[in-house]
Amino acid sequence: MSSDIACKLARNAGIAMILASAAFLSACQVRPLYSENSGVTEKLSSVGFSPAGSRIEQQVRNHLIFLASRGAGEPENPEYQVEMHASSTVSDTLLTESADTSRAGRVTVSVTYTLRAATDNHVIKAGSRATTALVDFPDQEFAKQRAIRDAENRAADQVAEFVGADIAAALSR
């Protein structure tokens with residue numbers, strides 16, 4: 001007899017847990033970041049970016065402008081301003097001991113950024129992102145420099161995608 005009561009209590013407790021979990025999860029909201037009624041697209045098109053101080057910063061800036069405005073360019077009077085600094089480092093990874101030369105390497109592009117409201121200079125989001133691109137070093141010096149530059153461009157475009165997603169997420173709140 002007591003096992004029937006224990007069984008019923010366990011069943012009722014299980015049902016209560018399922019109902020409580022369903023009620024808790026129903027409060028969660030999942031919606032697309034770029035949905036039409038979220039307003040993120042309009043907010044992104046009103047973001048201005050700081051002038052670039054290097055070639056890497058220019059590459060990141062250009063890609064961010066393209067992502068934010070969907071190809072329309074930078075706004076004349078931005079509602080939000082992004083101050084960013086980008087840097088690039090090249091490191092050797094595969095060293096040929098007999099010739100003391102490197103055959104492959106990594107290019108890392110790092111970006112620190114701060115998103116502010118233009119009206120009151122209030123910081124909405126600040127952060128940093130980094131991306132690494134792999135590169136093969138040919139024997140010719142010009143080809144090696146061009147390979148490094150191509151890897152920097154790839155890494156800069158990828159880190160701009162990450163920063164753009166961070167900015168969109170911050171503006172969607």
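Q: What does contact mean here, and which residues is Tyr 113 in contact with?
A: Contact means heavy atoms within 4.5 Å. In this predicted model, local features need pLDDT of at least 70, side-chain atom pairs count only at pLDDT 80 or more, and totals for chains, interfaces and linings use all residues. Residues are numbered from 1 along each chain as its sequence is written, and side-chain values use heavy atoms, with hydrogens and water left out. Leaving aside neighbours within four places in sequence, Tyr 113 is in contact with Val 82, Glu 83, Met 84, Lys 125, Ala 126, Gly 127, Ser 128, Arg 129, Val 163 and Asp 166.

Q: Is Tyr 113 buried or exposed?
A: Buried means under 20% relative accessible area, exposed over 50%, and partly exposed in between, with a 1.4 Å probe and protein chains only. Tyr 113 counts as buried because its relative accessibility is 3%.

Q: With which side chain does the side chain of Tyr 113 make a polar contact?
A: A polar contact is a pair of N or O atoms within 3.5 Å; within protein, one must be able to donate a hydrogen and the other to accept it, and residues adjacent in sequence count only if both atoms are side-chain atoms. For Tyr 113 the partner is the side chain of Asp 166, at 2.7 Å.

Q: Which residue lies over the face of Phe 137?
A: A charge sits over a ring if NZ of Lys or CZ of Arg is within 6 Å of the ring centre and within 35 degrees of the ring normal. Here Lys 144 lies over the face of Phe 137, at 5.0 Å from the ring centre.

Q: How far apart are Tyr 113 and Ile 167?
A: Tyr 113 and Ile 167 are 54 residues apart in sequence and 9.6 Å apart in space, C-alpha to C-alpha.
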